[in-house]
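Subject: Structure handover

Hello,

Here is the structure I promised to pass on. Please open it first, then read the notes below with it on screen.

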Amino acid sequence: WPVATGCFDLEPLESGWTFKRRLHGGALVGTFRIDSGPFVVTLETDRPPKPSVGRQLASAERVVAGGRGIGGPEGFERLRELADSLDAALAASRPPCDSGWVPSNHQVGITGTRVRPDLYVAIGISGSVQHLAGMHRAGCIVAINKDPEAPIFRYAHIGVVGDWAEVVDGILDGLDTGPDRREATA
């Protein structure tokens with residue numbers, strides 16, 4: 001039997017069916033036709049990302065991204081605080097999206113959005129080839145990871161080896177007490 005996997009649209013014809021699926025990591029959409037007989041089709045369970053969200057991430061000047069090293073959805077709430085403080089888009093590598101910690105439209109990489117921000121802060125991201133392909137053109141890459149051998153450090157302009165939560169807390173404290181904030185509260 002013919003098999004069509006990862007389809008997101010399926011339409012009957014007078015004789016057969018057409019279906020659509022993403023190709024080349026979502027860069028293209030292919031429309032295919034099966035004329036007759038029994039066949040097997042798998043459909044995506046998630047809705048595809050809304051184009052406007054993808055464009056926002058793709059065009060962001062600053063991005064704060066988290067990986068599996070964040071440990072769970074609670075960690076992404078802390079990263080959202082940092083992203084808001086930096087006026088940055090929140091992003092993730094594939095494992096947190098696959099685990100449901102963040103929506104899939106936040107994914108950066110071959111199968112996600114490709115970004116080219118001025119600043120990319122990679123937190124708890126090891127640096128798989130798939131993720132690096134989506135963010136390697138950033139102007140300045142800051143990597144925070146507890147593993148000094150993480151591949152992300154080979155591409156980072158600034159690398160911090162340490163517990164991500166402590167480093168993020170330090171950054172947020174520095175932003176809260178920076179010169180502009182002190183003048184505003186004085």
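**A buried threonine, and what surrounds it**

Thr18 counts as buried, because its relative accessibility is 18% and the cut-off for buried is under 20%. Bear in mind that this is a predicted model.

Thr18 sits in strand S2. Across from Thr18 stands Glu11. Which residues does Thr18 touch, once neighbours within four places in sequence are left aside? They are Asp9, Leu10, Glu11, Leu13, Thr31, Phe32 and Arg33.

One of those contacts, Leu10, deserves a stop. Leu10 belongs to strand S1. At 30% relative accessibility, Leu10 counts as partly exposed. With neighbours within four places in sequence set aside, Leu10 is in contact with Trp17, Thr18, Phe19, Val41 and Leu43. Leu10 and Thr31 are 21 residues apart along the chain, and their C-alpha atoms are separated by 9.5 Å.

**The four-stranded sheet**

Now the sheet around these residues. S1 (residues 3-13) and S2 (residues 16-23) pair in the antiparallel sense, over six bridges. They are part of an open sheet of four strands. Its order is S3-S2-S1-S4, and the pairing is mixed. Strands S3 (28-34) and S4 (40-43) stand at the edges. Each has a single partner strand, so one side of each is left without a neighbour in the sheet. From one strand to the next, the twist averages 45°.

**The five-stranded sheet**

There is also an open sheet of five strands, in the order S6-S5-S7-S8-S9. Its pairing is parallel. Which strands stand at the edges? They are S6 (89-92) and S9 (158-161). Each has a single partner strand, so one side of each lacks a neighbour in the sheet. Neighbouring strands here are turned by 15° against each other on average, direction ignored.

S7 (residues 119-123) and S8 (residues 140-145) pair in the parallel sense over five bridges. Val121 has Val142 in S8 as its bridge partner. S5 and S6 also pair in the parallel sense, over four bridges. There, the bridge partner of Val63 is Ala89 in S6.

Is Val161 buried or exposed? Val161 counts as exposed, because its relative accessibility is 52% and the cut-off for exposed is over 50%. Not counting residues up to four places away in sequence, Val161 touches Asn145, Lys146, Pro148 and Phe153. Val161 and Glu149 are 12 residues apart in sequence, and 9.4 Å apart in space from C-alpha to C-alpha.

Helices H2 and H5 come next. Two packed helices are described by the angle between their axes and the distance between the axes. H2 (residues 73-85) and H5 (residues 164-176) pack at an angle of about 30°, with their axes 10 Å apart. That makes H2 roughly parallel to H5, because angles under 35 degrees count as such. Their crossing is left-handed.

What meets what between H2 and H5?

- From H2: Gly75, Arg78, Leu79, Glu81, Leu82 and Ser85.
- From H5: Trp164, Val168, Asp169, Ile171, Leu172 and Leu175.

By class, this contact has seven nonpolar, two polar and three charged residues.

H5 lies across S7, S8 and S9, and runs at about 130° to S8.

**The whole protein**

Last, the totals. The protein has six helices and nine strands. It has 186 residues, and 35% of them count as buried. Take the contacts with a separation of 6 or more: residues 24 or more positions apart account for 46% of them.

Best wishes

Methods. Residues are numbered from 1 along each chain as its sequence is written. This is a predicted model: local features need pLDDT of at least 70, side-chain atom pairs count only at pLDDT 80 or more; totals for chains, interfaces and linings use all residues. Side-chain values use heavy atoms; hydrogens and water are left out. Axes are lines fitted to C-alpha atoms, for helices over the stretch in contact, and angles run from 0 to 180 degrees between N-to-C directions. Helices (H or I, at least four residues) and strands (E, at least two) are DSSP runs, numbered from the N terminus. Angles under 35 degrees count as roughly parallel, over 145 as roughly antiparallel, 65 to 115 as roughly perpendicular and the rest as oblique. A crossing is left-handed if the near helix is turned anticlockwise from the far one by less than a right angle, and right-handed if clockwise. Contact means heavy atoms within 4.5 Å. Ala, Val, Leu, Ile, Met, Phe, Trp, Tyr, Cys and Pro count as nonpolar, Asp, Glu, Lys and Arg as charged, and the others, Gly among them, as polar. Two strands pair if DSSP finds at least two bridges between them. Buried means under 20% relative accessible area, exposed over 50%, partly exposed in between (1.4 Å probe, protein chains only).
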